[in-house]
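Student: Give me a close look at the ligand site in this model. Then place it in the rest of the chain.

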Amino acid sequence: MTKLTYRFQEGKKEWKDLLGGKGANLCEMTNLDLPVPNGFIISTDACKNYLAQEEKTLSKGLIAEINFQVKELETLTNKSFGIGLNPLLVSVRSGAKYSMPGMMDTILNLGLNDETVYALAEITQNKDFAFQCYCRFIQMFADVVYNIPAENFGAIPTGTKEKSDWENIISNYQKIFARATGRKFPQDAFEQLQIAVEAVFSSWNNQRAKVYRRIHNISDNLGTAVTIQQMVFGNYSENSGTGVMFTRNPATGEKGVYGEYLLKAQGEDIVAGIKTPEPICTLQEKMPDVYAELIEIAMQLEKHYCDMQDVEFTIEAGKLYMLQTRNGKRTPQAAVAIAYDLMKEGVISEETLINRLDEEMIAQLMHPSFTNDAKKKAAIVRGLPASPGAAVGQVAFTAKAAKEMSDKGSQVILVRNETSPEDIEGMSVSEAIVTARGGMTSHAAVVARGMGVCCVVGCEDLQVDEEKGVANFTNGILKTGDFISVDGSSGRIYLGQLALNEAETSAVLEKVLKICDAHATMAVYGNAETPREIKEALLKGAKGIGLARTEHMFFQKERLKMMRELILADDRSRMDEALVYIKEKQKSDFRQMYQILGKLPCTIRLLDPPLHEFLPQDRSELRAIAKELNLNGQEVIAKVKSLAEVNPMLGLRGVRLGITCPEIYQMQVAAIMEAALEISAQEKITITPHIMIPLVGTVKEFRIVKDSCQEVINGLFEKTGTNLPFEIGTMIEIPRACLIADQLAAVADFFSFGTNDLTQLTYGYSRDDAHKFLPTYTHQEILPSDPFQHLDQEGVGKLMRFASENGKQEKESLSVGVCGEVGGDPASIAFIQTLPVDYVSCSPFRIPNARLACAKAAIANKKQLIKL
Ligand code: PEP
Ligand code: MG
């Protein structure tokens with residue numbers, strides 16, 4: 001038969017599954033010879049057996065085991081349970097694997113009855129004390145087992161004048177109990193214990209506990225253990241008391257104990273807030289020996305557990321007892337500081353330090369967030385959390401309105417159906433961007449992440465009428481100028497102005513991330529193109545730029561005009577004029593890039609999007625453009641119509657544009673190389689430009705474009721009499737490119753996986769429309785998660801493995817990176833680590849997280865290799 005109960009001496013800290021967190025740690029403390037009141041634990045297996053039965057009763061076997069353990073406890077303590085002159089009183093507490101404040105509370109003083117209360121009074125020579133304990137027991141038993149509010153009994157009397165008063169009070173308590181429960185208050189201590197144990201087991205399925213588990217992702221199948229422990233009394237005398245203490249400050253991580261205590265009180269008094277506790281440092285004056293012992297034990301526990309501890313203790317008549325220890329909860333700031341200090345003190349290794357931190361923690365430290373209280377408010381709509389952070393501001397429905405409101409000094413939140421390149425100025429002045437449509441790789445999402453602006457996309461329940469300046473949601477309407485609060489980390493939008501926690505700048509975090517870099521085997525680069533973003537990427541620790549999307553350089557008003565001129569030009573000379581203008585602008589951009597980056601690697605991608613993205617579709621806007629460019633309105637409309645594509649994502653994009661309109665790529669390559677030559681000469685360094693061709697699917701198309709670039713570069717070298725190393729590589733974002741990776745590697749200098757397109761094309765899901773069905777797919781578990789956010793290892797990952805392995809096999813020197821959005825996602829990074837990939841590249845604001853994730857992935861992979 002399986003053993004279902006364990007004495008404290010029998011367990012250990014690793015047995016949390018079986019004994020619950022609290023129980024396992026009591027065992028550990030007992031075995032460290034710390035002063036722990038004796039006791040035993042009923043296992044989670046017993047709970048699971050109990051809950052699995054139709055008729056909820058304790059099995060005969062379990063009752064026999066419990067009774068046996070009580071006898072053992074009687075022997076150990078030299079007391080007797082429920083009878084006799086020296087009664088054994090116990091506490092009964094629930095304790096699951098994970099701490100669950102939503103579950104049942106504690107019952108204290110179990111074992112008291114109408115007889116043992118007198119024995120306790122006699123032994124302690126304190127009748128008031130004994131009867132108060134009895135009152136408290138009846139009250140807690142009624143509350144915890146039968147849900148009878150403690151207030152029904154009134155406050156426990158502090159003492160009585162008449163000797164006989166206590167009997168009346170108890171009799172009154174028992175009457176209240178009987179009236180509310182329909183049964184007499186049990187006098188048999190074994191019966192009391194059985195009822196209490198059943199109540200703890202049943203509490204596993206109470207509503208509060210279920211909700212808590214759902215919120216915290218805790219399995220419903222774990223069950224709870226029950227800890228039964230000999231009582232010690234913090235309310236026994238003037239030199240008794242109880243308290244809680246952290247071994248370091250849980251808010252800041254600062255070294256030094258932090259906690260509070262109450263004299264002549266039990267733990268519940270602190271929790272209930274009936275009396276105001278004192279700071280722990282004052283115990284040093286009042287009870288120096290106890291204080292010294294407490295500190296010594298706390299430090300021993302911290303060392304033993306290699307982590308900050310949260311301990312509970314009781315002092316009974318000047319003697320210290322430890323009642324609980326666990327790894328203390330802490331703020332993200334404290335978590336980083338504590339782990340770093342413990343590593344410095346030699347308590348934990350660098351690997352453990354890295355594994356202790358999580359990406360959520362770092363994200364919370366890097367971005368503002370709403371306070372916990374603020375987040376209790378109901379959200380009006382929810383979308384996809386496209387770019388983290390939190391922002392409060394007034395709604396604007398057009399980029400123009402956003403700019404105007406911002407110029408007047410307002411904090412603005414741009415709310416659109418979806419954004420387009422034309423919105424860029426309005427986006428850049430906004431505190432947050434919200435769109436009704438679009439997924440995690442939509443224009444709004446990609447641009448906002450690049451800018452580090454908080455963003456929520458795909459809010460399906462929001463109907464935006466941009467012209468009227470209103471948006472409807474299920475329960476109301478938003479108008480221009482209304483205040484909203486946007487949580488880019490959860491995707492929730494709230495009405496009004498929620499309270500914010502500012503982001504922290506932490507020097508310790510910087511040190512920790514440096515340690516991460518030393519353990520990582522993949523580098524982290526940034527996806528950035530503007531000077532602001534590039535500086536941000538470097539500040540966040542990027543080792544270079546893995547993807548500069550040149551199309552993002554055309555969005556300023558004047559440049560957009562010239563780009564339109566280029567596309568719509570009806571004769572060669574106008575086209576050349578536009579090309580010259582754009583080239584000069586691009587060159588100046590690249591000069592700035594190289595100036596900031598120096599010799600750091602920088603991969604510049606040639607123009608990718610379809611040309612019609614630079615043009616509006618609206619006829620009146622097209623007429624205005626025609627007027628501005630001095631062109632015929634009808635002809636412009638006809639041209640735009642001819643450029644329009646049924647499926648632009650699969651149309652004239654990327655390398656196809658380079659083939660059909662070679663002048664644009666040639667202009668870009670000339671601008672890149674001229675800028676590199678100039679800055680190399682100016683700074684006396686050798687810049688090695690990395691030119692990247694997007695959406696390649698055949699060797700021939702890559703070759704044609706590469707040769708054309710090469711020709712431009714050769715011409716430039718000849719003309720200037722100078723030289724510079726350079727590389728021409730390809731994005732791998734088409735499944736076919738993966739399948740012919742060996743052939744591509746023979747002609748390309750490097751690969752960079754564009755997982756946004758690779759995912760789109762592998763699944764056949766439009767990256768801009770997938771948000772409409774992905775929630776259903778993940779809800780029905782057809783997909784484990786959104787593959788645009790978390791790499792699909794089985795399919796897309798398989799293609800990546802095939803391509804990277806074959807590519808490197810063909811050309812050992814081939815550098816391979818990942819620059820799609822999953823390059824900043826920790827779960828995806830863990831997988832990418834198993835491929836022959838040299839770096840990941842992501843939005844600047846994801847870089848610290850990616851650095852941590854790369855270090856974790858390297859450590860995990862090393863362990864895996866050692867095991868093999
Ligand atoms: C990609 O497809 O993963 C990529 C990085 O390119 P873009 O998102 O610009 O299409
Ligand atoms: Mg792409």
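Tutor: A residue is near the ligand if one of its heavy atoms lies within 4 Å of it. The model is predicted: local features need pLDDT of at least 70, side-chain atom pairs count only at pLDDT 80 or more, and totals for chains, interfaces and linings use all residues. Residues are numbered from 1 along each chain as its sequence is written, chains are lettered from A and ligands numbered from 1 in the order in which they are written, and side-chain values use heavy atoms, leaving out hydrogens and water.

Start with the shell. Ligand 1 has 14 residues around it; Arg549, Arg605, Gly754, Asn756 and Arg767 come nearest. By type, the shell divides into 7 charged, 4 polar and 3 nonpolar residues. (Nonpolar is Ala, Val, Leu, Ile, Met, Phe, Trp, Tyr, Cys and Pro; charged is Asp, Glu, Lys and Arg; the others, Gly among them, are polar.)

Now the polar contacts, pairs of N or O atoms within 3.5 Å. The side chain of arginine 549 puts an N or O atom 2.8 Å from an oxygen atom of ligand 1. Backbone atoms take part too. A polar backbone atom of threonine 755 lies 3.0 Å from an oxygen atom of ligand 1. For asparagine 756, the distance from a polar backbone atom to a ligand oxygen is 2.7 Å. On its own, ligand 1 has 290 Å² of accessible area (Shrake-Rupley, 1.4 Å probe), and the protein covers 96% of that. Two elements give two or more residues to the shell: β25 (545-549) and α29 (755-763). Helix α29 supplies the largest share, 3 residues.

What does UniProt place at residues 507-857? The feature is "domain: PEP-utilising enzyme C-terminal", from an unreviewed entry. Such annotations may be inferred rather than shown by experiment, and positions follow the numbering used here. In the model, residues 507-857 are 55% helix and 10% strand. The end C-alpha atoms of this span are 24 Å apart.

Lysine 684 sits in the loop between α25 (662-683) and β27 (690-693). Phi there is positive, near 55°, in a residue other than glycine. Lysine 684 is exposed, at 74% relative accessibility. (Exposed is over 50% relative accessible area, buried under 20%, partly exposed in between, with a 1.4 Å probe and protein chains only.)

Step back to the whole chain. It has 33 helices and 31 strands. Its C-alpha atoms fill a box of roughly 110 × 60 × 55 Å along the principal axes. Of its 868 residues, 55% count as buried. Take contacts, meaning heavy atoms within 4.5 Å. Among those between residues at least 6 apart in sequence, 67% join residues at least 24 apart. The accessible surface is about 37500 Å², and carbon and sulfur atoms hold 50% of it.

Next, a second annotated region. UniProt, again from an unreviewed entry, lists "domain: Pyruvate phosphate dikinase AMP/ATP-binding" at residues 62-283 and 292-341. Residues 292-341 are 48% helix and 34% strand, with end C-alpha atoms 23 Å apart.

Asparagine 78 lies in the loop between α3 (60-77) and β3 (90-96). It is not a glycine, yet its phi is positive, about 65°. At 65% relative accessibility, asparagine 78 is exposed. Threonine 224 belongs to strand β5 (residues 224-230). This threonine is buried, at 0% relative accessible area. A polar atom of the threonine 224 side chain lies 3.1 Å from the backbone nitrogen of glycine 95.

Valine 290 is in helix α11 (residues 288-305) and is buried, at 7%. Leaving out residues up to four places away in sequence, valine 290 touches Ile315, Gly318 and Leu320. Its C-alpha is 75 Å from that of alanine 671, 381 residues away in sequence.

Alanine 317 lies in the loop between β9 (309-316) and β10 (319-327). It counts as partly exposed, at 40% relative accessibility. With residues up to four places away left out, alanine 317 touches Tyr236, Ser237, Asn239 and Ser240. Isoleucine 297 is 20 residues from alanine 317 in sequence and 19 Å away, C-alpha to C-alpha.

Key:
Polar contact = N/O pair within 3.5 Å; in protein donor to acceptor, adjacent residues only side chain to side chain. Helix = DSSP H or I, 4+ residues; strand = E, 2+ residues; numbered from the N terminus.
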